[in-house]
There are 2 protein chains.
Amino acid sequence: MKIPYKIYLEESELPKQWYNMRADMKVKPAPILNPGTLEPVTAEELSGIFCEELVKQELDNDTAYFDIPEEIMDFYKMYRPSPLTRAYFLEKALGTPAKIYYKFEGNNTSGSHKLNSAIAQAYYAKKQGLKGVTTETGAGQWGTALSMACSFFGLDCKVYMVKVSYEQKPFRREVMRTYGATVTPSPSDTTEVGRKILAEFPGTTGSLGCAISEAVEAAVSHEGYRYVLGSVLSQVLLHQSVIGLETAAALKKYDIKPDIIIGCAGGGSNLGGLISPFMGEKLRGEADYRIIAVEPASCPSFTRGKFAYDFCDTGKVCPLQKMYTLGSGFIPSANHAGGLRYHGMSGILSQLYHDGYMEAVSVEQTSVFEAAQQFARVEGILPAPESSHAIRVAIDEALKCKETGEEKTIVFGLTGTGYFDMVAYQKYNDGEMSDYIPSDEELNASLSALPKVD
Amino acid sequence: MKIPYKIYLEESELPKQWYNMRADMKVKPAPILNPGTLEPVTAEELSGIFCEELVKQELDNDTAYFDIPEEIMDFYKMYRPSPLTRAYFLEKALGTPAKIYYKFEGNNTSGSHKLNSAIAQAYYAKKQGLKGVTTETGAGQWGTALSMACSFFGLDCKVYMVKVSYEQKPFRREVMRTYGATVTPSPSDTTEVGRKILAEFPGTTGSLGCAISEAVEAAVSHEGYRYVLGSVLSQVLLHQSVIGLETAAALKKYDIKPDIIIGCAGGGSNLGGLISPFMGEKLRGEADYRIIAVEPASCPSFTRGKFAYDFCDTGKVCPLQKMYTLGSGFIPSANHAGGLRYHGMSGILSQLYHDGYMEAVSVEQTSVFEAAQQFARVEGILPAPESSHAIRVAIDEALKCKETGEEKTIVFGLTGTGYFDMVAYQKYNDGEMSDYIPSDEELNASLSALPKVD
């Protein structure tokens, strides 16, 4: 049977439930801890920060499937299913016998997969009768997605945007404003933690960890607001499972069984979503897949971090999570994959990696942009720098197949478009891009400051 | 039968032929004229500027269907079919009994429908053994599309970009460079006509008409190059018929018969493509539809122009065409719909409008952005300013239905995304956008300079 270039699902074939990998994990992720007491955080404590339904989802290690509410299904239908594309032209350009597929999540105005969780989090906030939500954004994909979701449900949306991105990406900011969000450069003087950081580091251009602290403070100090987050959390991986479930359904339509599944990993939202159903089969012993996380060499949480309890934010106001981390004080170099510059990693993925269910590799950004350009020229999609990490490794694996003659089936996640990353492409086009790999000393310094948890 | 949010065609249902409206027109478009002799241009004369196959398509008023070559079909399959979307959420927000559908052409990296013709023109250039092609671009959508298409076939691509856009839209430029194109700000000193215009108007920020002149000169003065154009031409409308043919096929799947079909009109590429099969039925007397062209009040070729022979470019090196025109010397105000700032209009559409087969309305840009924002917030797609002209009138027609209680079916073309137009959105968000309508005196001045043709 000839596989079409793009496999779409009918509206009736869309997943109607999210899948929770934790239900099938023998070793569950360690509980998240209250930053004050260092004891496992209770649902009650969490509900000051998160919406009630989301707290339930966050703490539920047992329920395998959650029904997707009808209102969210309706919104999903505006931009989903995303296509699963057979990369015929890339295969031809590489001369590989490998069969390459990618699940493209960039065909919506937010430009990435982030919308899948944004709409869910906005829905539960609305359902709880809240006035609005607060969040942080780095590169801006998450902030854009959330502002779209909030606008849809008529919720107020306060976005703390890392100052360097706020200044360098005015267009991202304007998209958020067009959707009615308030965008504040972080650190700002609108929060106590922001003022503290500004006093300590007057010239700082901000960081994701710092913006998280500000957004959390803004949520707890405004009546009727809660904080929402676009990655790392288990609830986010739950919502993002829609990516993997669609992928699995599309592959099944044509009896395709992948050998290798590849995703870029920052906080883990895309990777965790893409691999969900496949990891489920692996955990239940029903099938085996090679699953590869790809991270930037400049921010290598999996490959050079430590599996330990750490703070999720710089200001240390958020719960602690056991994860692969470079230390909450780690400041990654100014690489161009803003979405992959987080010091930590999803607790679920960290546990799975620790237990040997997946691999991780780190790649340098010039080789990532080389892959991005090659892909763009033959497949017609200009990929986001984040997504291009997965492209790099997919190409590498396809080239290995060329050497060995193996006809492996490779599936990778193409999380978004690079429309708002042209400054990075310009650097690459002009030959002015450089690589940066942190030294052992640098990593040891931030890792030595990890909190002591028994 | 419940209509899904998005109607996709299977790969096997994609149109395999383009449709040429001219074959069904009782009054054919007037012949295009040699700018030197003012006599109908011959195929031989045209083949110095255009590829041979494209010359045939340009001059063919009789053949109704052209097979789409397999190589182009393969490329189409990378990003087509585009979805036909039922605007359930917009309908709900408007409280209208009208049923609104839009054909969204923005889901490809060029961000618009322009790719449909770019790939065709690049293919025929490659087939003829050419080295490369030259073109102009205003807002950048066409240049991006062409650079993608050329990169795919390994053709060199020289783009003359209107200087003001070159400076204001560096990201557009970088996308083209990523696809390997050479981008030159126009007017430039690389051509005789450019040098002449620079000498006459030293501080000029350029215009589309001027960039066309430069691109044509560059084509004829370089061995192995031809000129390609993204709109106005009959060949372009032929290629763009894929939009309308897909729309008709998708509607037919659910037995939907549109009452009103709406498209924005700059040079006519999108509108001409979208309406093709419907206009065909109308011309053959098989069905009737209201067909509405929407243009900016600041550049109102249909509604305030003259139906006459005129030059297609400022430098007067291109053939003359009989069309609705504001005069080739007309300089539209700096509105934010770069793709709609052309002084003329497709000859086919001009003849059809003249013969009463379609209507035209002009709209002001603040009301266009109001519609754009309303649409973005409920339908989740941030539209290009050009496309938003069609949204404005679709909303207006839907609101009329609300008053009368009529359940009309409205189909409009959503030609592209607004990712690269955030400066315009920022102006709108900041309340700094203004409208401009040219005075009768201004129009009379440029219209009085129309060439004298018997």
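This is a predicted model: local features need pLDDT of at least 70, side-chain atom pairs count only at pLDDT 80 or more; totals for chains, interfaces and linings use all residues.

Residues are numbered from 1 along each chain as its sequence is written, chains are lettered from A and ligands numbered from 1 in the order in which they are written, and side-chain values use heavy atoms, with hydrogens and water left out.

**Both chains**

Select chains A and B. The same surface serves both copies, as 100% of the contact residues of chain B recur in chain A (contact means heavy atoms within 4.5 Å).

**The sheet in chain A**

Now show the open four-stranded sheet of chain A, with order β8-β7-β6-β9 and parallel pairing. Strands (E, at least two residues) and helices (H or I, at least four) are DSSP runs numbered from the N terminus, and two strands pair if DSSP finds at least two bridges between them. β8 (182-186) and β9 (225-227) of chain A are at the edges with a single partner strand each, so one side of each has no neighbour in the sheet. On average, neighbouring strands are turned by 25 degrees against each other, direction ignored (axes are lines fitted to C-alpha atoms, for helices over the stretch in contact, and angles run from 0 to 180 degrees between N-to-C directions).

Zoom in on β6 (132-137) and β7 (156-162) of chain A, which run parallel and are joined by six bridges. Pick A:T134, and its bridge partner in β7(A) is A:K158. Helix α6 (141-153) of chain A packs on the sheet, touching β6 and β7 of chain A, and its direction makes about 165 degrees with that of β6(A).

Where is A:P187? Look in the loop between β8 and α9 (192-200) of chain A; the peptide bond from A:S186 to A:P187 is cis, with omega near 5 degrees. Next, select B:V232, which has a positive phi of about 65 degrees although it is not a glycine. B:V232 sits in the loop between β9 (225-227) and α11 (234-253) of chain B.

**Last stop: a pocket**

Select B:V162, B:V164, B:G206, B:S207 and B:R341, which lie nearest the centre of the second largest pocket, among its 43 lining residues. A pocket here, on a 1 Å grid over the protein atoms alone, is an open set of points where a 1.4 Å probe fits, with protein on both sides within 12 Å along at least five of seven lines; lining residues have an atom within 4 Å of a point.
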